[in-house]
Amino acid sequence: MNYSFFDILPEYGTFLILTAFILLFYEIGYQLTHRYYLKETTLEPKTLGQITGGLIGMWAFVLAFTFSIVANQYQDRKKLVMDEANAIGTAFLRADLIDPNEGVSIKKQLANYVEVRLDVIKTRNLKNAIEKSLEIHKNLWSSIKSVSLPNPNVNTSLLTQSINEIIDIHEKRVTAGTRTRIPFSIWLTLFTISFLAILTLGIQAGYNQSRKVLIVIPLIMAFSSLTTLIVDLNNPQSGSIQVDQEPLISLQKSMQSEVY
């Protein structure tokens, strides 16, 4: 599983650390120019403003690009929940088309499978949920073989197809939830451009002999808030923004009337 430094921090911790670092870089830029460098230079304010504006524009672009990545990943995970619920529901219905005894057994296994998938949201024990899911996959496949091998027909073929789809979607959800993350190179680019932009803004403030607090503080807080949101969306296991499991919850309710 892919983890980053921000995964161990709560959302407010990420926000505070980002805000503190950005303020630090801004103050460094301000102090460097205010005390040392630009007192004896003839740098045009217009040129410095163009450089600062260009870096801030680049900063906004990389931030928007990074947000679009995690937003798309979130939508993909949301779609996979719906796909999984549909696949399980289809298999549940098709279990009525085979031998009643085996059909009831498969229905119970599918109901247990849905319960495992939903329990992980409460327990956050992903490793245990994956292990239980794989065990149910084996049991389902064993049940399918015992039905279809002695008497292969259209009904067993359809049920086999549904079970295959369930197994495939499981792997897609594991990949989307644990391995599909923002690459380190993008994080490095985002923070490098962010700190350079805010450093240059501090340099400009030092050159103008004014910290421009009323302008800079809202900018810093906006960046920290949006970056914290990106970090949260990039961490589907422990982040506060979780994919809605309503399709599986609705499926579980419809199963309970038949299985239990």
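These legends describe close-up views of a predicted model. Local features are given where pLDDT is at least 70, side-chain atom pairs count only at pLDDT 80 or more, and totals for chains, interfaces and linings use all residues. Residues are numbered from 1 along each chain as its sequence is written, and side-chain values use heavy atoms, with hydrogens and water left out.

**Figure 1. The largest nonpolar core has 57 residues.** A nonpolar core is a set of buried Ala, Val, Leu, Ile, Met, Phe, Trp, Tyr and Cys residues joined through side-chain atoms within 4.5 Å. Buried means under 20% relative accessible area, exposed over 50%, and partly exposed in between (1.4 Å probe, protein chains only). Ile88, Ile106, Leu110, Ile166 and Met255 touch the most other members. Helices that each supply at least two residues include H1 (11–36), H2 (45–94) and H3 (100–123). Helix H2 gives the most, 13 residues. Helices here are DSSP runs (H or I, at least four residues), numbered from the N terminus.

**Figure 2. Ile88 and its contacts.** Leaving aside residues up to four places away in sequence, Ile88 touches Leu110, Tyr113, Val114, Ile166, Leu248, Leu251 and Met255. Contact means heavy atoms within 4.5 Å.

**Figure 3. The largest cavity has a volume of about 430 Å³.** A cavity is a set of points on a 1 Å grid over the protein atoms alone where a 1.4 Å probe fits but cannot get out; lining residues have an atom within 4 Å of a point. Grid points are joined across faces, edges and corners, and the volume is the space filled by probe spheres set on the points. The lining has 23 residues, and Val120, Ile121, Leu126, Arg173 and Gln237 lie nearest the centre. Helix H5 provides the largest share of the lining, five residues.

**Figure 4. Glu84 and Arg117 form a salt bridge.** A salt bridge is a side-chain nitrogen of Lys or Arg within 4 Å of a carboxyl oxygen of Asp or Glu. The closest N and O atoms of this pair are 2.8 Å apart. Glu84 is in helix H2 and Arg117 in helix H3, 33 residues apart in the chain. Both residues are buried. Glu84, Arg117 and Arg173 are linked in a network of salt bridges.

**Figure 5. Lys107 and Asp96 meet in a salt bridge.** The N to O distance is 2.5 Å. Lys107 is in helix H3, and Asp96 is in the loop between H2 and H3. Lys107 is buried, with a relative accessible area of 8%.

Terms used:
1 Å grid on protein atoms, 1.4 Å probe; cavity = no way out; pocket = protein on both sides within 12 Å on 5 of 7 lines; lining within 4 Å.
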